[in-house]
Amino acid sequence: MAQMPALIPKEVEIQRLKKIYIFCIVLGSIAASVEVDNFVDGSLHQTTIRDSAFTPAHWWLYSHFVALPLGWGMVAMYCRRIPVLRGPGNSLNTGLKITILGYLATMFTIGVNELWHFWFVEEIFAVPNHWMFNMGVVVAFMGALAFVVRVYARLVELGAETPARNPYVAEMYKLALEGKLYSRSIP
């Protein structure tokens, strides 16, 4: 990665990066609780003939799909204070864009899901309207993982974090920071 002049003091940047890192951990925990509630909702569908968007399992499940894009949007606003994390053309970080779009897709799917069940009553999780939930969450997870890796790489670059002691992993960090990780064949 090319060296760029320090636009903010190193200590301030480290402090801001650690705040973002903690916020990402909190949002990751919220996203993990969606998975727990997914099992609760699935078991509810096995015992109830038909439920609606207003059943307690759906309150918890659907509130995540509103809270997560808002939380990642707050991270995106806070990231504007760290020049290194900006994306191409001084825009949002690409990982953040992908994360927010993935969770917005799941938020849109709530309405599609209710319309689907209005016309087709079956509660099978393999129907197409549930695919959008899964695809949105997977896309959001990939974007969040890319963003968290970028934040961690910057913390390592600043010397605030130390990479693993395994020499192979340390070499991978070095190649990732230089942008050469995928330019060679891995044995």
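N93 caps the N-terminal end of helix α3: one of its side-chain oxygens lies 2.8 Å from the backbone nitrogen of G95. A polar contact is a pair of N or O atoms within 3.5 Å; within protein, one must be able to donate a hydrogen and the other to accept it, and residues adjacent in sequence count only if both atoms are side-chain atoms.

This is a predicted model: local features need pLDDT of at least 70, side-chain atom pairs count only at pLDDT 80 or more, and totals for chains, interfaces and linings use all residues. Residues are numbered from 1 along each chain as its sequence is written, and side-chain values use heavy atoms, without hydrogens and water.

Helix α3 covers residues 94-119. Helices are DSSP runs of H or I, at least four residues, numbered from the N terminus. At T109, α3 bends by about 25 degrees; that is the angle between axes fitted to the seven residues ending there and the seven starting there.

Which residues of α3 are buried? Among them are G95, T109 and H117. Buried means under 20% relative accessible area, with a 1.4 Å probe and protein chains only. Their cover includes α1 (10-47), α2 (56-79) and α4 (128-158), counting contacts as heavy atoms within 4.5 Å.

An unreviewed UniProt entry lists residues 100-119 and 131-153 among its transmembrane regions. Such annotations may be inferred rather than shown by experiment.

| Residues | Helix | Distance between end C-alpha atoms |
|---|---|---|
| 100-119 | 100% | 30 Å |
| 131-153 | 100% | 33 Å |

The protein has 5 helices and 0 strands. Of its 187 residues, 37% count as buried.

Notes. Helices (H or I, at least four residues) and strands (E, at least two) are DSSP runs, numbered from the N terminus. Buried means under 20% relative accessible area, exposed over 50%, partly exposed in between (1.4 Å probe, protein chains only). The expected span of a helix is 1.5 Å times one less than its number of residues.
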